[in-house]
Amino acid sequence: MVIYEDKIILAPMVRIGTLPMRLLALRYGADLVYSEELIDWKFLRSKRTVNDILHTVDYVDQTDGTIVFRTCNEEKEKVILQLGTCDAGRALKVAKLVENDVAAIDINMGCPKEFSIKGGMGVALLAQPDKAYNILKTLVDNLSIPVTCKIRIQETPEKTLELVEKLASSGISAIGIHGRTRDERPQHAVHTDFIKHVSQRISIPVIANGGSKEIEKYGDIFKFKDLCGSSSVMLARAAEWNCSIFRKEGLLPMDTVIKDYLKLAVDYDNSPSNTKYCIQNILRELQDTPRGRQFLDCQTLKQMCAIWDLEDYCFKKQSEYHNMGIASRWQVNP
Ligand code: FNR
């Protein structure tokens, strides 16, 4: 059973929070890791498959063969699947499918993107608290694993507390609070005082979020936690940029992080496009350097690995998988 007190957590991030990044975060020291947001109706197109070669459980889209969600034993007790949903019945169907493969389920009630809002998901749910409550209550009543949600703050601390009290009464195990309103963007200051107002008055653990701009080293995580008076902290961008932020011993150089990440991407046969996207978000402005441009031309894991002296590692692993009969779509003549 997941305990949400005193935890440092990898926040949900679309395209970033796939298996290699989640395992990297755990190996560096994160206590819990969220998946990227997965949309319920898309998830329902997938079929659960055990991958005997990679030792993973794969949810494979039946229409195009892509992997919607890949997980493994190493993260089983620590991975929280985040769902994008506007429908209690559909959310429950997905949750029942994955109930034995993940540690908990989270509902995204904070995404302000047009796609989410138009679909009645993400932050749109906060304008319909009865509906949001109903989704959570349905999950809590029918699942054997904990249920949480991640929200944004309202216009005032009092309104935020009122909303959290309503959602908490569904029986959820914890609540993630991103300290920005639906109209505020990442560059806006985070309202730690709003989170603190709620943390001090609510009995379930609060997971504070939104502090990445001020979190440059491990110790900063606890400064943010203190400001929010929260039980736990969840990091998105700080981890996206340098996942070793979770290390008690301190940050690792960017190249070490990329190498550690790439090895996991190879080990778990991650798609080149997703791997490239994650590394681009580590490199950031360094993409505009000779090595960065060389990287941007890469199309295969092997090409990416060559830049970080991991060509042999990649070749060996891919050959091994090939000999075991893996039908990897990503491998090009291993
Ligand atoms: C996000 N965020 C996000 N939130 C969420 O609930 N589900 C998601 O899938 C995503 N996806 C996502 C992708 C990327 C690339 C970023 C940068 C952010 C929001 C994220 O979890 C977090 O709430 C904010 O980034 C604020 O926290 P930080 O970055 O200050 O730690």
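Visitor: Which residues is methionine 21 in contact with, leaving aside its neighbours within four places in sequence?

Guide: Methionine 21 is in contact with Leu10, Ile16, Cys243, Tyr261 and Cys278. Contact means heavy atoms within 4.5 Å. A word on the ground rules. This is a predicted model, where local features need pLDDT of at least 70, side-chain atom pairs count only at pLDDT 80 or more, and totals for chains, interfaces and linings use all residues. Residues are numbered from 1 along each chain as its sequence is written, and side-chain values use heavy atoms, with hydrogens and water left out.

Visitor: Why is methionine 21 called buried?

Guide: Buried means under 20% relative accessible area, exposed means over 50%, and partly exposed lies in between (1.4 Å probe, protein chains only). Methionine 21 has 2% relative accessibility, so methionine 21 counts as buried.

Visitor: Where does methionine 21 lie?

Guide: Methionine 21 lies in helix H1. Helices (H or I, at least four residues) and strands (E, at least two) are DSSP runs, numbered from the N terminus.

Visitor: Which residues other than glycine have a positive phi?

Guide: Arginine 284 is one of them, with phi near 50°. Aspartate 309 has a positive phi of about 55°. Arginine 284 is in the loop between helix H11 (272-283) and helix H12 (290-296). Aspartate 309 is in the loop between helix H13 (301-307) and helix H14 (311-324).

Visitor: Why is arginine 284 called partly exposed, and why is aspartate 309 called exposed?

Guide: Set each value against the cut-offs. Arginine 284 has 37% relative accessibility, so it counts as partly exposed. Aspartate 309 has 66%, so it counts as exposed.

Visitor: What makes serine 230 buried?

Guide: Its relative accessible area is 7%, so serine 230 is buried. Serine 230 is found in the loop between helix H8 (218-228) and strand E11 (232-235). Serine 230 touches Ser199, Val206, Ala208 and Lys225, not counting residues up to four places away in sequence.

Visitor: How do you know that the side chain of serine 230 makes a polar contact with serine 232?

Guide: A polar contact is a pair of N or O atoms within 3.5 Å; within protein, one must be able to donate a hydrogen and the other to accept it, and residues adjacent in sequence count only if both atoms are side-chain atoms. The side chain of serine 230 reaches the backbone oxygen of serine 232 at 2.9 Å, so the pair qualifies.

Visitor: What is asparagine 51 like: buried or exposed?

Guide: Asparagine 51 has 14% relative accessibility, so it counts as buried. Asparagine 51 is found in strand E3 (residues 46-51). A polar atom of its side chain lies 3.1 Å from the backbone nitrogen of isoleucine 53. Leaving aside neighbours within four places in sequence, asparagine 51 is in contact with Thr56, Asp58 and Arg70.

Visitor: Now the ligand. Which residues come nearest to the ligand?

Guide: Pro12, Gln82, Asn209, Ser212 and Arg237 come nearest, out of 17 residues around the ligand. A residue is near a molecule or strand if one of its heavy atoms lies within 4 Å of it.

Visitor: How far is the side chain of serine 212 from the ligand?

Guide: An N or O atom in the side chain of serine 212 is 2.6 Å from an oxygen atom of the ligand. A polar backbone atom of valine 14 is 2.9 Å from a nitrogen atom of the ligand. Taken alone the ligand exposes 610 Å², and the protein buries 86% of that. Such areas come from the Shrake-Rupley method with a 1.4 Å probe; for residues, only the protein chains shown count as cover.

Visitor: How many helices and strands does the protein chain have?

Guide: The protein chain has 14 helices and 11 strands.

Visitor: Why is the protein chain called as compact as a globular protein of that length?

Guide: The radius of gyration is taken over C-alpha atoms, and the globule rule is 2.2 Å times the number of residues to the power 0.38. The rule gives 20 Å for 334 residues, and the radius of gyration of the protein chain is 20 Å, so the chain is as compact as a globular protein of that length. Buried residues make up 59% of the 334 residues.
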